[in-house]
Amino acid sequence: MKKRETWGKEFRKQLPLQIFVLSGIVYLLIFNFIPMFGIIMGFKDYDIVMGVEGIFTSEWVGLKYFREFVNDYNFANLVKNTVGISLLKLIFTFPIPIIFAVMLNEMKCLRFKKLVQTCSYLPHFISWVIISGISFQFLSSGGIINTLLMSLGLIGQPIGFLTDPDLYWGFAVLSDVWKEMGWWTIVFLAAIVGVSQDLYEAAQIDGAGRLQRIWHITLPCIKPTIVVVLILALGNLFGGGLSGSNFEQSYLMGNSMNKETSQIIQTYVFEVGLAQGRYAYATAVGLIQSAISLVLIFSSNFFSKKVSGMGLF
Amino acid sequence: MDRVRRRKKISLEDLLVDGVIYLLGLIILFVTVYPFLYVLIISFNEGVDASLGGIYWWPRKFTLENYEQFFNDSKWLVGLGVTVLRTVAGTLIGVLFTTLVAYGLSFQNLAGRKLYMTIIVISMYFSGGIIPYYTLLKELHLIDTFFVYVIPGALNTFFLMVGVSFFGDIPGSLRESAKMDGASELTVFRKIILPISTPFLATLTLFIGVGHWNNWYDSAFFVKTKELRTLSYLMMEVINKSMVSSGAGSATAQTASATTTLSIQTAAMVVAVAPILCVYPFLQKYFVTGIMIGSVKE
């Protein structure tokens, strides 16, 4: 009782601050917490005409929609695309910024280094819509790359970079590397700059060459940063790793011709949910992916703590 | 003798390493810059002529017609207007809201702070997914209104956490002394805290602003009215239409002019990228702090 009194007193004393914070908390409760309850839609026979009350009053159907998704003819393909693109992105978009950062650090001409670095992170600030526009200018059948290759006589027919299902995965990974490489380099470069110069000097006196110094000093010293960034990337594996670009890419660059390899679970949720209006089913499908992602976040965090003693939470 | 040989060996490795990194640096530079340059070149070239291909470094038939068409088309102008408006309004609301909440939360002795922080962390990691979110927006009557651009994203939990740690680092004695003189909480915030928070405010403004400027999906999924569509959405529409036709060559020519939908699109792309290039130097100054706080701090 006494504690409550002091709490109330404290609260009144901090009234202006409490108003600031509470407005934010109420906002989060509305925009983040209420949709979380909407998840039960996935277990119910819900239709949009029922309105919000319908979420609670409609009939329970248990795992019906989950079963329907697993038995969908598209299921295997969707899982393959989601996992395949995500793993490929992890394999390429994660190490490349590290290599690039080491490379920049080795450049002695500071003006050139600054120029390369400054330009390399520009694409991070450009939206995927513009990137898809640029891709179209370059890679469509009448785009600059096809016309160049044809005028050189290297190919007879334009290559369908944007339409050939066999090429979508490669395109997704390459465009992601192009867009985000420079941005993630910043983190690694900042870590490299923090490495003590004494170590390099000592190694040089001992006769270690450039590559040896990179291998035995630079990389071990930035290991903590590498681990943290790796956890971040693993936690968001199915979102597209570091840049979280899977959905935007697939939605913008996917089309009726490369759908077979470009459609992933997130875009499927959109198609059946917002376009076809099958809310309950789409919620269930989305939930499967969220559940897997949560497991990924927690397990990567757990293993990282075990292996390196570091974690995000 | 031995010494000389060893030195020579090192310098050979040095030479090799230098050669490789500078060559790769040049390649990266070209690969990053040229796509933007190419779009700029095409935007100044006649559309029908550009669709024939073969332009690499300089406009072949120079024209300003693409830009004229862009700025004379009410569709593009309205899109540009909506984008500017949402960026300004959204950034103002977002920065103000995030800053105030973060400031309040930065007080360690705030009653209920633990509960508040728990709520924020949960909202950072969990979400109901897109469909329940959509039903919520619908229920709030935000769908198909301008407010759907500025209200739902007004509080960014990531920047909120950055802000809490930023304001938390300001020495408490600074605000205590002002309060002793009888200043209210709001005055302390306005007169003392805000002026010394420029780095945080600048980072926040730039990132939220760029986010609004680039955003396309709220326009695509939550808005149906044509007059409410953003620039990004309109560009997306052109690409989607061209994608299903066989390529740039078959882009529909506008009546009685040498422009094509695709060549006007390049002008739109230049217009959309230009503001980002303008704020880029400022972005650069602050974002290193931004990304570091976000990714390396727990």
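Helices here are DSSP runs of H or I with at least four residues, numbered from the N terminus. The model is predicted.

**Stop 1: B:Ile193**

Select helix α10 of chain B, residues 185-193; B:Ile193 lies in this helix. B:Ile193 counts as partly exposed, because 18 C-beta neighbours fall inside 10 Å and a buried residue needs 20 or more. Now show its surroundings. Apart from neighbours within four places in sequence, B:Ile193 is in contact with B:Tyr103, B:Ile170 and B:Val188. For a distance to draw in the viewer, take B:Ile193 and B:Ile170: they are 23 residues apart in sequence, and their C-alpha atoms are 8.3 Å apart in space.

**Stop 2: chain B as a whole**

Chain B has 298 residues, of which 38% count as buried. Among its contacts with a separation of 6 or more, 71% join residues 24 or more positions apart.

Colour chain B by domain next. The domain assignment gives domain 1 as 2-43 and domain 2 as 65-295. Where these two touch, domain 1 of chain B supplies five residues and domain 2 of chain B supplies seven. On the domain 1 side of that contact there are four nonpolar residues, one polar and no charged.

**Stop 3: two positive phi values in one loop**

Go to the loop of chain B between α6 (130-139) and α7 (147-150), where B:His141 is placed. B:His141 is not a glycine, yet its phi is positive, at about 60°. Most residues other than glycine have a negative phi. Is B:His141 buried or exposed? B:His141 is exposed, since 10 other C-beta atoms lie within 10 Å and the limit for exposed is 12 or fewer.

Stay in the loop between α6 and α7 of chain B and select B:Asp144. B:Asp144 also has a positive phi, near 65°, in a residue other than glycine. With 14 other C-beta atoms within 10 Å, B:Asp144 is partly exposed.

**Stop 4: the contact between the chains**

Show both chains. Their contact takes 78 residues from chain A and 79 residues from chain B. Which helix of chain A gives the most to this contact? Helix α2 of chain A, residues 15-37, does so, with 13 residues. Coloured by class, the side of chain A that touches chain B has 51 nonpolar, 24 polar and three charged residues.

**Stop 5: the nonpolar cores**

Select A:Ile130, A:Phe188, B:Val101, B:Met235, B:Ala268 and B:Met269, which have the most contacts inside the largest nonpolar core, a set of 90 residues. Domain 1 (2-43) and domain 2 (65-295) of chain B each contribute at least three residues to this core. Apart from it lies another core, of 35 residues, including A:Tyr65, A:Tyr281, A:Ala282 and B:Tyr134.

Return to A:Ile130. Residues up to four places away in sequence aside, A:Ile130 touches B:Met269, B:Ala272 and B:Val273.

**Stop 6**

Of the 12 residues of α8(A), 11 are buried, so the helix is largely enclosed by the rest of the structure. The buried residues of α8(A) include A:Trp128, A:Ile130, A:Phe136 and A:Leu139.

Move on to helix α9 of chain A, residues 144-151, where A:Ile144, A:Asn146 and A:Thr147 are buried. Why are they on the same side of α9(A)? They cover an arc of only 170° around the axis, which puts them there. After α9(A) comes A:Gly153, with a positive phi near 75°.

**Stop 7: A:Glu260**

Finish at helix α15 of chain A, residues 259-262, where A:Glu260 is found. A:Glu260 counts as partly exposed, because it has 14 C-beta neighbours inside 10 Å. Beyond its neighbours within four places in sequence, A:Glu260 is in contact with A:Asn77 and A:Pro165. Last, draw the distance from A:Glu260 to A:Tyr168: these residues are 92 apart along the chain, and their C-alpha atoms are separated by 9.5 Å.

Note on methods
Residues are numbered from 1 along each chain as its sequence is written. Chains are lettered from A and ligands numbered from 1 in the order in which they are written. This is a predicted model: local features need pLDDT of at least 70, side-chain atom pairs count only at pLDDT 80 or more; totals for chains, interfaces and linings use all residues. Domain bounds come from an automatic or database domain assignment. Ala, Val, Leu, Ile, Met, Phe, Trp, Tyr, Cys and Pro count as nonpolar, Asp, Glu, Lys and Arg as charged, and the others, Gly among them, as polar. A nonpolar core is a set of buried Ala, Val, Leu, Ile, Met, Phe, Trp, Tyr and Cys residues joined through C-beta atoms within 7 Å. The arc is that of the directions from the helix axis to the C-beta atoms.
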